[in-house]
Amino acid sequence: MPLYKTLTINEKTKVVIWKIEETIDDLLKGITLSQNSENRLQSMKSEIHQKGFLSIRHLLKEFNLQDTDLQYDEFGKPHLKDGRFISMTHSFQFTGVIVSEDKKVGIDIEKQREKILKIAHKFTPIEEYKTIANVTALISKLTIVWGAKESLYKIFGKKKLLFLHHIYIEDFDFEDEKTTGIIRFEGKEATYDIEFLEFEDFTCVYAY
């Protein structure tokens, strides 16, 4: 089974990434699904979504967890019954899970695609990045910003949060592989550490 990458953030927080190379039948082996998860799997029309769903269940085993340890709130945010914090992500052939014993966490994997240039104005003040002349570098940077905001959105876990107006990402250099994110909402402010990495034309961002 292709566990692609393991990242130890600290002694209480870890990220694991899976590269999907198996068939559905292969991914069904070695895991047990709750009835609710079985229903969700059967309702998925896309095979890649089914594979993503199942590969995440294999990643749970890296934390000594299984599907039945997950529960979801009314906003669809996953929680662990043992009190640890979790976030999950799926993009094409990659899935990722972050688990922390003591911090709220969020994770996002995105494929680097040119179409992000067309939607950037919807989630970030694009003028902040006008100085980046190289299109490839601009796509890379915007994908990191999107992933960072998506990770913070997952931490917050409520639907009213707006990427453009409520989530701020501190500017960063690629080589630092980290930045800071701030959620400002309803008079409250919360700051989070953000780290990122790139691989095979994908970007993984996680916040804690």
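Mentor: Two strands pair if DSSP finds at least two bridges between them. Strands (E, at least two residues) and helices (H or I, at least four) are DSSP runs, numbered from the N terminus. This is a predicted model, in which local features need pLDDT of at least 70 and side-chain atom pairs count only at pLDDT 80 or more, while totals for chains, interfaces and linings use all residues. Residues are numbered from 1 along each chain as its sequence is written, and side-chain values use heavy atoms, leaving out hydrogens and water.

The part I pick is strand S11, residues 202–207. Six of its six residues are buried, where buried means under 20% relative accessible area, exposed over 50% and partly exposed in between (1.4 Å probe, protein chains only). The cover extends to both faces of S11. One side carries Phe202, Cys204 and Tyr206, and the other carries Thr203, Val205 and Ala207, all of them buried.

Now the pairing. Strand S7, residues 106–111, pairs with S11 in the antiparallel sense over six bridges. Within that pairing, tyrosine 206 of S11 is the bridge partner of isoleucine 107. Strand S10, residues 188–199, also runs antiparallel to S11, and six bridges join the two. There, alanine 207 in S11 has isoleucine 194 opposite. S10 and S11 form a hairpin with two residues between the strands. In this hairpin, glutamate 200 takes a positive phi near 50 degrees.

To put it together, S11 is buried on both faces and pairs antiparallel with S7 and with S10.
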